[in-house]
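Open the structure in your viewer and keep the selection tool at hand. The stops below tell you what to select and what is there.

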Amino acid sequence: MFVFILKRFGVMVLTMALTSFLVFAVMEFSPGDVARKTLGPYVTQEQVDILYDKLKLGDPLFVRYARWVGVLLGLIEDPLADPSLGLGFEDSRGHRYFGNLGFSTLFKEPVNNIIWERLENTGALAGLAYAIIVPLSILFGVLSGIREGSALDRGLSLTGIVLTSIPEYALGVFTVVIFVVMLGWLPGTSTLDDRSGWSVPSQMVLPVLVLVMYDFGYVARMVRSAVIEVMGRQYVRTAVLKGLPRSTVIRVHVLRNAMIAPFTVILLQIPFLISGVVVTEVVFAYPGFGRMLLDAALFGDITTVEAATLVAVFIAVSTQIIGDIGYMYLNPRIRFT
Amino acid sequence: MALPRDRERSRPAAAARPGLAVAFRNLARLGESPIAMVGTGIVLFWALCALFAPWISPYEPNAQDLSALADPTPSTSHPLGTDLLGRDMLARLLYGARLALTLAPAAVLVAYVAGCAMGLAAGYFGGWADSLISRCSDVVLSFPVLILYVILITAIGPSALNIIFAVTVASSPGIGRIVRGLTLSVRNLDYVSAAEIRGERPLYVMIAEILPSARGPLVVDFCLRIGYTIITIGILGFLGLGLPPPDPDWGGMVRDATALITIWPHMSVLPSVAIVSLAIGFNLLADGLRTIAGRD
């Protein structure tokens, strides 16, 4: 078991190294070089050239990637922090520590100052949505699964297909038109400050609603199909035939077994909600992780994009590992290998 | 770890029938599923709009009517109103259908060619080829999809060709995984061995013997993916990573109009409705096809 987890974490570190290298290589294609991005538009070509030389940006890709990894692991100092460059980049944590994500050229600050706060905001949004999606989709998935073909079941199937076909920004447009333009109940932007005169909780309603609507249909359909599969098993038929009340059969025999397969699906909604909320955050101007990533990518801010990639891949892969471990506890027939 | 493999249980290979006849028979069977019929109807509606856009459209998609700037809401001269620049919404929606219905299927097709090549090679050759392809796929699949699109498109720039490229990178590993599973399920069946003993080359065996047996599930997946890709391209347009202006890209139209949603909601609602309806059409079609396939 311990070896299994260790192995999986080894694979995770490898995946993070590979993805960060790929991102590094891909971002190099983008027009505009790092020195120019760092200094901003109002500098002479000479100043750009000086910084280019000092940061050794002419080195091969692998050397520059190795340097970035060195800064991240705290092996070398971040070259951008050198006071002789006169950039004014200051990191209160020091310039050589493990987990140094570097300086953002977009925000002109250490990435560590920005990313965690943004992640917290997104976590609040995603957490609220998750707390609603899971019980709601399990409830409706089970209700329609135990009566396959009923009116509720067919209604839910259709609702599920329709909801998963509506992209988040369209949901955003529709909900804003209904609740903001027509009814005037809620604010159309969620900047998390009170300048607009709307309280923070009221600003959270629409983004959460959009996320719930977007994800609910998919999870509910997964739960439904798992329940239907278990309902057709022989031990369920046996339980019914030996005269157990229907509620007991469903509670004891169906539900426990039917929750195994959707468990992974439900867990995998966490990385989806953390990183897949880019669109919702853009629609409502929500200061979250996804919007930070989009802004950074559009600006060509490699350090921030790299940091966001590491965090996103870490969340995605670690939920997968937790899912696999949980799956094995739920289903003892699966063994560690 | 060992996950249950019962979902990949080998299925009996479809008997070799003339492809065209089967296609027609399946097409006729669409009528068995009302859901598939509704889906087909929606898709056909947009396909006709796209095909005849130059004839039914009242204006050019990029023609500006400056007299409509003061009041862009629907009127007799502009039945669906105009956008911020006085361009006719109906014309832009019709021409937008052309873009959506060419770009998304083209992207999925290219992704499918790449995905089938990966899946067939991994499943047929096994060994190190399988390991290599599967590991590479795992790396791409461990990226949250939208982050992958954002990074790719911002790096290579927004254009039709680059969108196709990004869709291929992002979805071919998933397609490859499905094809690999289907290949493994027929890999050791007699008719594949027979072709090998006959001395056919691996490429022929993969394309002419193995691939046709995987047709059923792949058609459903193809339809679903077009639906997703229409949504994805819409999202890219909305994030400003879609087709560069002035092309009437539905996602881009929503993006341009959201700032004024409280004043002129029709500018963002209409393209949203268009994209949603087309995505629903493809998803209903895929769902109906799956139901029909499940009856076999």
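Start with helix H8 of chain A, residues 200–231. Helices here are DSSP runs of H or I with at least four residues, strands are runs of E with at least two, and both are numbered from the N terminus.

This is a predicted model, in which local features need pLDDT of at least 70, side-chain atom pairs count only at pLDDT 80 or more, and totals for chains, interfaces and linings use all residues. Residues are numbered from 1 along each chain as its sequence is written, and chains are lettered from A and ligands numbered from 1 in the order in which they are written.

Now select Phe216(A): a kink of about 35 degrees in H8(A) is centred there. The bend is the angle between axes fitted to the seven residues ending at a residue and the seven starting there.

Next, colour chain A by domain: domain 1 is 31–100 and domain 2 is 113–330, with bounds from an automatic or database domain assignment. Their C-alpha centres lie 39 Å apart.

Move to chain B, which has 12 helices and zero strands.

Finally, select Val150(B). Not counting residues up to four places away in sequence, Val150(B) touches Val278(A), Leu293(A), Leu294(A), Ala297(A) and Leu241(B); contact means C-beta atoms, placed from the backbone, within 7 Å.

Note on methods. Expected span 1.5 Å × (residues − 1). Contact = placed C-beta atoms within 7 Å.
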